[in-house]
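Hi everyone, thanks for coming along this morning. I'd like to walk you through one model, starting with the overall fold and then stopping at a few individual spots. Here it is on the screen.

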Amino acid sequence: MGLFNFHKDTFKHGIHPPESKGETNGLAIKQFPFAPVIILPLAQHIGAPSQIVVREGQEVQRGELLAKAVGYVSVPLHAPVSGIIQKIANVPTISGKMSLGIYLKTFPSSTQEILEGKPIDPDTATAEEILQAIQDAGIVGLGGAAFPTHVKLKIPKGKKCETLLINGVECEPYLTTDHRVMLEQENDIFTGIKYLLKATGAKKAIIGIEANKQDAADHLAKYIPKELPVTIKVLPVKYPQGAEKMLVTSILNKEVPSKGLPIEVGAVVVNVATTAEIGRLLPHGRGIQERVITITGHGVKKKGNYLIPVGTPLRYVLDYVGVDEAISEVYMGGPMMGVAVSNLDISIVKGTSGILVFTGEDVGKSSQTYPCIKCGACLDACPIMLNPSKLGILAKFEAYDEMASDNNLMDCFECGSCTYVCPSHIPLVQYFRLAKRVVRKREAEKKEKVND
Ligand code: SF4
Ligand code: SF4
């Protein structure tokens with residue numbers, strides 16, 4: 001044994017924002033009612049939007065295919081309710097743009113039974129069959145990334161997955177979705193792990209959980225099936241430990257290289273709610289119809305964790321839970337990485353992990369921006385050792401190319417830690433988001449020119 005152990009089961013830097021999870025982490029998951037009309041954008045995952053296979057006026061059953069995947073980096077969309085296709089038209093999305101989608105009118109008197117598909121047996125199915133089944137079920141990262149899960153699980157040639165990491169960290173303040181899933185869906189999680197071990201070829205799985213969810217760690221530990229090589233690792237509480245690279249460092253004490261994926265160090269990371277969904281759907285050959293979402297914030301009356309059909313309009317959700325008249329901001333996702341909503345006519349999508357409703361008092365803190373005082377707090381906060389202060393100055397001069405070429409801008413995964421600690425209230429992460437968009441656009445234009 002070495003004399004010194006410098007690895008403290010966590011990564012370097014990071015921050016400790018107030019957790020604010022106490023109001024919902026004790027509330028069991030409740031089924032949300034079906035809205036009269038479900039609104040489904042097709043582009044609700046990273047990759048090619050799915051392609052509609054139904055027509056206006058058609059009756060569909062809950063679980064039926066509405067749109068098929070277009071290519072490999074794409075997933076299908078299934079009917080979250082039984083009803084009738086009212087309209088195929090543009091729908092509002094969180095980006096502020098309209099995009100093609102489906103309006104599905106719910107049958108109020110239907111049983112809302114879910115259509116069964118082709119079950120997949122984890123013992124006899126091949127890795128390829130499991131990956132196909134995961135794609136067919138429309139599964140994407142439910143932690144918020146919405147990246148098609150089957151693509152992430154495909155191990156590139158020449159690489160090997162030694163360890164499957166199940167991400168139950170849920171480090172975003174306010175969110176308790178994964179916490180409740182771990183307390184209530186242990187069977188789904190372990191069934192999901194069985195599929196995932198086979199799909200990746202990993203010999204073992206480790207579930208990472210932060211110490212503020214010790215009850216979830218104890219609960220899962222009690223139910224680990226004897227035949228499954230699964231262990232649980234309780235980690236110190238720190239934001240943004242739920243980011244893949246940080247989780248790999250915390251659990252395996254390995255650094256994922258810049259621009260690289262966890263597979264570079266022999267790991268694949270899957271969110272725990274995504275794992276549970278795989279375990280819930282694949283034995284029945286079903287597609288995703290609903291997901292668990294935390295609804296909280298001082299502006300909400302009936303806070304809780306709800307199982308909500310995908311496509312439920314946000315306005316309907318807020319009406320049902322009741323909101324303060326003085327609400328001033330609504331977020332989809334957590335307060336650190338979520339997006340402030342500018343239009344309440346958008347709907348819940350597969351990647352929505354939380355809805356936060358804040359009042360004027362919550363957001364009323366100073367929004368005045370001051371010059372950088374070179375305090376270095378942002379450097380101490382950045383978990384991937386970027387220099388947010390320097391990047392911020394370059395952003396002000398619109399030196400986007402220099403930010404990317406000499407200062408690793410594209411490694412920034414927009415955790416917001418630098419913005420959170422900045423005493424001058426400089427909206428660093430907002431600058432970086434914009435800069436990354438510009439750099440990506442310029443790169444795409446360059447490629448187009450080369451191909452002309
Ligand atoms: S937002 Fe980017 S630059 Fe800022 S702390 Fe996070 S990773 Fe670092
Ligand atoms: S935290 Fe803000 S004020 Fe301090 S160095 Fe970074 S950008 Fe400048």
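Before I count anything: helices here are DSSP runs of H or I with at least four residues, strands are runs of E with at least two, and both are numbered from the N terminus. On that basis, the protein has 14 helices and 17 strands. The radius of gyration is 22 Å, close to the 22 Å that the globule rule gives for 452 residues, so the protein is as compact as a globular protein of that length. Please keep in mind that this is a predicted model.

Of the 452 residues, 52% count as buried. And if you take the contacts with a separation of 6 or more, 72% of them are between residues 24 or more positions apart.

Is Lys-374 buried or exposed? With a relative accessible area of 63%, Lys-374 is over the 50% cut-off, so it counts as exposed.

Glu-414 also has a positive phi, about 60 degrees, and is not a glycine either. You'll find Glu-414 in the loop between α12 (400-407) and α13 (417-421). Its relative accessible area is 17%, which is under 20%, so Glu-414 is buried.

While we're on backbone details, the peptide bond from Tyr-239 to Pro-240 is cis, with omega near 0 degrees. Pro-240 lies in the loop between β11 (230-235) and α6 (244-252).

Some of you will want to know about cysteines. How many disulfides are there? Counting pairs of cysteine sulfur atoms within 2.5 Å, the answer is zero. Two cysteines I checked for burial are Cys-161, buried at 4% relative accessibility, and Cys-382, buried at 8%.

Next is Thr-176, in the loop between β9 (163-168) and α3 (177-184). Its relative accessibility is 0%, so it counts as buried. What does its side chain make a polar contact with? The partner is the side chain of Thr-24, at 2.7 Å. Leaving aside neighbours within four places in sequence, Thr-176 is also in contact with Lys-21, Asn-25, Glu-170, Thr-294 and Asn-305.

My last stop is Ala-69, in the loop between β5 (65-68) and β6 (77-78). At 25% relative accessibility, Ala-69 counts as partly exposed. Ala-69 and Asp-136 are 67 residues apart in sequence, yet their C-alpha atoms are 8.1 Å apart in space. Not counting residues up to four places away, Ala-69 touches Ser-50, Ser-74, Val-75, Pro-76 and Gln-135.

Terms used:
Residues numbered from 1 in each chain as written. Chains lettered and ligands numbered in written order. Predicted model: local features only at pLDDT ≥ 70, side-chain atom pairs only at ≥ 80, totals over all residues. Heavy atoms only, no water. Buried < 20%, exposed > 50% of the residue type's maximum accessible area, 1.4 Å probe, protein only. Polar contact = N/O pair within 3.5 Å; in protein donor to acceptor, adjacent residues only side chain to side chain. Contact = heavy atoms within 4.5 Å. Rg over C-alpha atoms; globule rule 2.2 N^0.38 Å.
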